[in-house]
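The sequence and structure are shown first, and the description follows.

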Amino acid sequence: MEQPATKTALVIGSGGGLGGAVVDRLLEQNSGRVFAISRCSNKISDERVHWRQCDYSEEAIGRICAELKESAYPISTVTICNGTLHGANYYPEKRIESLQPESMLEVYKINAVIPMMWVKSLLPVLAGKHKCVLSVFSARVGSINDNRLGGWYSYRASKAALNMLLKTASIEYARRAANVKLIAFHPGTTDTPLSKPFQDSVPDNKLFTPDFVAVQLLEAMERANPTSGLEFIDWNGKPIQW
Ligand SMILES: NC(=O)c1ccc[n+]([C@@H]2O[C@H](COP(=O)([O-])OP(=O)(O)OC[C@H]3O[C@@H](n4cnc5c(N)ncnc54)[C@H](OP(=O)(O)O)[C@@H]3O)[C@@H](O)[C@H]2O)c1
């Protein structure tokens with residue numbers, strides 16, 4: 001039987017470009033056991049990877065968190081990668097006339113609600129003496145201060161909402177799970193399906209590989225100090241204005 005003391009990382013949204021890269025990097029660094037959560041079926045054949053398919057319903061999230069709690073694995077890092085910018089029926093809005101309630105709600109659900117359902121259900125799993133860093137992929141365009149160009153209403157607003165939800169959660173975590181540090185992380189424009197339609201205007205040296213971003217994120221998580229509250233930082237570790 002496996003020894004519970006082995007370090008455990010949890011990667012949620014492991015079927016995406018950045019989620020997959022974080023799993024690969026953790027394996028490359030031999031960081032212990034990796035719980036990988038995705039809508040997709042298992043993409044990785046490696047005995048260190050515990051893949052769980054999930055439809056992100058509250059019940060499914062609750063079941064996985066109950067399994068993690070029961071296993072008593074010491075979780076060192078959690079990375080929540082879920083996010084959407086465009087889909088079959090929606091695209092980032094350039095004009096206010098493009099706002100559609102159904103797509104606004106869908107983007108809000110994937111970018112803010114689903115990550116927060118994990119932050120909620122993980123609190124009793126992570127609370128304890130063991131240092132844990134929980135990172136959620138946010139985006140610089142979620143910064144209200146930084147919004148000079150406008151457009152992308154739903155994506156911007158959902159990431160701004162995510163940031164506020166994380167800020168509020170970090171205050172409660174500080175009381176109830178002080179061992180957990182929260183990070184809202186902006187990866188920079190990264191070559192994944194999410195950014196594909198928008199890559200033409202990005203200079204080559206500004207379009208990151210998912211692996212580069214995974215390394216930057218894992219280093220930021222390694223450096224993180226649990227007592228310093230929520231940080232909103234970019235791929236280079238630089239703070240972003242709220
Ligand atoms: N790529 C960039 O340039 C860029 C820039 C700024 C911020 N980000 C943020 O980085 C994160 C990762 O994005 P990515 O670039 O890796 O994009 P991606 O390759 O398109 O991956 C999409 C991610 O979102 C999840 N997802 C997609 N549709 C979903 C749905 N209907 N319900 C629940 N989850 C869903 C996927 O999880 P499954 O494994 O379950 O499929 C996957 O983790 C996102 O939060 C994104 O906003 C990316």
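## Arg-33 and its strand

Apart from neighbours within four places in sequence, Arg-33 makes contact with Thr-6, Lys-7, Thr-8, Arg-48, His-50 and Tyr-73. The model is a predicted one. Arg-33 belongs to strand E2. It counts as buried because 21 C-beta neighbours lie inside 10 Å, and a residue needs 20 or more for that class. Between Arg-33 and Ile-171 there are 138 residues in sequence and 29 Å in space, taken from C-alpha to C-alpha.

Strand E2, residues 33–38, pairs with E3 in the parallel sense through five bridges. Within this pairing, Val-34 has Val-49 of E3 as its bridge partner.

## The sheet

Seven strands make up an open sheet with parallel pairing, and their order is E3-E2-E1-E4-E5-E6-E7. E3 (49–53) and E7 are the edge strands; each has a single partner, so one side of each is left without a neighbour in the sheet. On average, neighbouring strands of this sheet are turned by 20° against each other, direction ignored. In general, the strands of a sheet pair through backbone hydrogen bonds, in either a parallel or an antiparallel manner.

| Strand | Residues |
|---|---|
| E1 | 8–12 |
| E2 | 33–38 |
| E3 | 49–53 |
| E4 | 75–80 |
| E5 | 132–137 |
| E6 | 180–186 |
| E7 | 231–234 |

Helix H3 lies across E1, E4, E5 and E6, and runs at about 170° to E4.

Helix H4 comprises 24 residues, 153–176; at 1.5 Å a residue it should span 34 Å, and its end C-alpha atoms are 34 Å apart, so the two values agree. The buried residues of H4 include Tyr-155, Lys-159, Asn-163, Leu-166 and Tyr-173. Among the elements that cover the buried residues of H4 are H3 and the strands E5, E6 and E7.

## The ligand shell

The ligand is surrounded by 27 residues, of which Gly-13, Gly-15, Gly-16, Ser-38 and Gly-83 are the closest. H1 gives the most, with three residues.

Technical notes. Residues numbered from 1 in each chain as written. Predicted model: local features only at pLDDT ≥ 70, side-chain atom pairs only at ≥ 80, totals over all residues. Near = placed C-beta within 6 Å. Helix = DSSP H or I, 4+ residues; strand = E, 2+ residues; numbered from the N terminus. Expected span 1.5 Å × (residues − 1). Buried ≥ 20, exposed ≤ 12 C-beta atoms within 10 Å, placed from the backbone. Contact = placed C-beta atoms within 7 Å. Pairing = 2+ DSSP bridges. Axes fitted to C-alpha atoms, helices over the stretch in contact; angles between N-to-C directions.
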